[in-house]
Amino acid sequence: MRLWAYLKLNMQKFAGRVAFANANITYADLLCYAESKTEHKNLCLCIGKTREEQAIEIVRCIASGNVAVPLSREYGDKNFEYIQQTVKTASDNVDDLALLMFTSGTTGTPKGVMLTDENIITNLKYISTYFRVDNCRNVCIGRPLVHIAVLTGELLYALCNGLTIYFYEEPFMPKRLLSYMKRYEIDMYCATPTLYQALAKADKNHECPIKVGAISGEILSESVGRTIAAAFPNTEFYNVYGLTEHSPRVSALLPNEFATRPHSIGKPIADVNARIVDGELLINSPCIMKGYFRDNKQTAEKLKGGWLHTGDMAHIDSDGYLYIDGRKDNMIIHSGLNVYPEEIELAVKECSDIDDCLVYGEVTENGTVICLKYIGEIEATALRKKLVRLINPNIVPNKIERVEEIARTASGKKIRK
């Protein structure tokens, strides 16, 4: 079955409802989107001036029988141009794909994750086995659609359940977001622990209307989890885990367990199999990607013996609950974004007056912050301004420090701390 056929099967039950709030597009309107009669699919860049426009482009692309490739300037200009050029010049056979999702690579070059119709449909079915939104009518999406957790777990899942979708397009300001949620009676909202903690501080009178909340994107500490649960007593929280290569959802901690072990990512959902080998979490299920676009070597490294090597170090307690301990490689998970230090370092080195630099993550009670140490003449404030123009502003280091020396191992590798 193709993804559009699955979406139509679900959406036809909600024909009279509004799907996209701002554009006032109903589910009946979506069901009338043009479908392609051609046998072969093409890659289709989906950009849009706003997130809602981009979402509509993605839905139109899926309806047309093509492969949606969400793209945003939030990748940074250099990566944006690279992805755009890669897609425009591609002549590959993509007939079994539904989505091509680009993520940053360790060398700074984006990787294209190939997700099939079966991958996405299966993941949506798996999410439906535990994620209850029966009492919800309105969902607010506040994160970029270039992230598969947002695209599958929020946009497509909302469409499968007949929700009216609102897009918060403004920069994040807790009080303004809370006001927006109250004005439009938002029932469902998915965000990182850092964002929910900021909302908790702003919502002193417990006025937030959210009925269902999903937390993902970074490791949730026990204390922050308890703070969030106490701040939103009327919200059912799920702590969920996934990755782009798995379409994405892997596991979930249910609301009745959130109060007792919020730092756990729960148990594998539906038919997802998980095991830990040498401390690393491995996954097996029909949701695993087809592979990386035009990169057989990295595909072979990531997929071995039918198991997806997540790169996440984890453990399981005696009751079978999973916990993420950190990354096997250097990747930093910051505010829901997968950040590779090398990508930022390459951008830093493009700036003048830089001799060397080091990027690393520092775990704090409020989440992981990105730190940068550099050797050079440029002042930290000036360097920050340059980086904002070169890379995604969301991954510009929180702490920037000029140093005299960067520590290295005996073999010459930088010590990331």
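Arg261 is buried, with a relative accessibility of 18% (buried means under 20% relative accessible area, exposed over 50%, and partly exposed in between, using a 1.4 Å probe and protein chains only). Its salt-bridge partner is Asp319, with 3.6 Å between the closest N and O atoms; here a salt bridge is a side-chain nitrogen of Lys or Arg within 4 Å of a carboxyl oxygen of Asp or Glu. Please keep in mind that this is a predicted model, in which local features need pLDDT of at least 70, side-chain atom pairs count only at pLDDT 80 or more, and totals for chains, interfaces and linings use all residues. Residues are numbered from 1 along each chain as its sequence is written, and side-chain values use heavy atoms, with hydrogens and water left out.

**Salt bridges**

- The salt-bridge rule gives a count of 16.
- Arg261 forms one of them with Asp319. Arg261 sits in the loop between helix 10 (255-258) and strand 13 (267-268), and Asp319 in the loop between strand 18 (307-316) and strand 19 (322-327), so the pair ties together parts that are 58 residues apart in sequence. Helices (H or I, at least four residues) and strands (E, at least two) are DSSP runs, numbered from the N terminus.
- Asp319, for its part, is partly exposed at 46% relative accessibility.
- Another salt bridge joins the side chains of Arg416 and Glu345, at 2.9 Å from N to O. This pair links distant parts of the chain, 71 residues apart: Arg416 is in the segment after strand 24 (399-402), and Glu345 is in helix 12 (residues 341-350).
- Glu345 is buried at 6% relative accessibility, whereas Arg416 is partly exposed at 25%.
- Glu379 and Arg402 make a salt bridge too, their closest N and O atoms being 3.4 Å apart. Glu379 lies in the loop between strand 23 (367-376) and helix 13 (380-390), while Arg402 belongs to strand 24, so the pair ties together parts that are 23 residues apart in sequence.
- Both ends of this pair are partly exposed, Glu379 with a relative accessible area of 47% and Arg402 with 38%.
- Arg73, Asp77 and Glu81 are linked in a network of salt bridges.

- Strand 23 and strand 24 run parallel and are joined by four bridges. Cys371 stands opposite Lys399 in strand 24.
- Contact means heavy atoms within 4.5 Å.

**Nonpolar cores**

- The largest nonpolar core has 73 residues, and those with the most contacts inside it are Phe20, Leu30, Phe131, Leu155, Leu156 and Leu159. Such a core is a set of buried Ala, Val, Leu, Ile, Met, Phe, Trp, Tyr and Cys residues joined through side-chain atoms within 4.5 Å.
- Helix 6 (residues 148-160) gives the most to this core, with nine residues.
- Leaving aside neighbours within four places in sequence, Leu156 is in contact with Leu3, Leu7, Ile62, Ile120, Leu124 and Leu151.
- Another core, of 27 residues, lies apart from the largest one and includes Ala191, Leu195, Ile210 and Ile228.

**Hairpin**

- Strand 14 (residues 273-277) and strand 15 (residues 280-284) pair in the antiparallel sense over five bridges, with Ala274 opposite Ile283 in strand 15.
- Two residues separate strand 14 from strand 15 in this hairpin, and Asp278 in the turn has a positive phi of about 55 degrees.

**Cysteines**

- The disulfide count is zero, a disulfide being a pair of cysteine sulfur atoms within 2.5 Å.
- Cys190 is in no disulfide, and the nearest cysteine sulfur, that of Cys136, is 9.8 Å away. Cys190 is buried, with a relative accessible area of 4%.
- Cys351 is in no disulfide either, with the nearest cysteine sulfur, that of Cys357, 9.1 Å away. Cys351 is buried at 7% relative accessibility.

Definitions and conventions: Pairing = 2+ DSSP bridges.
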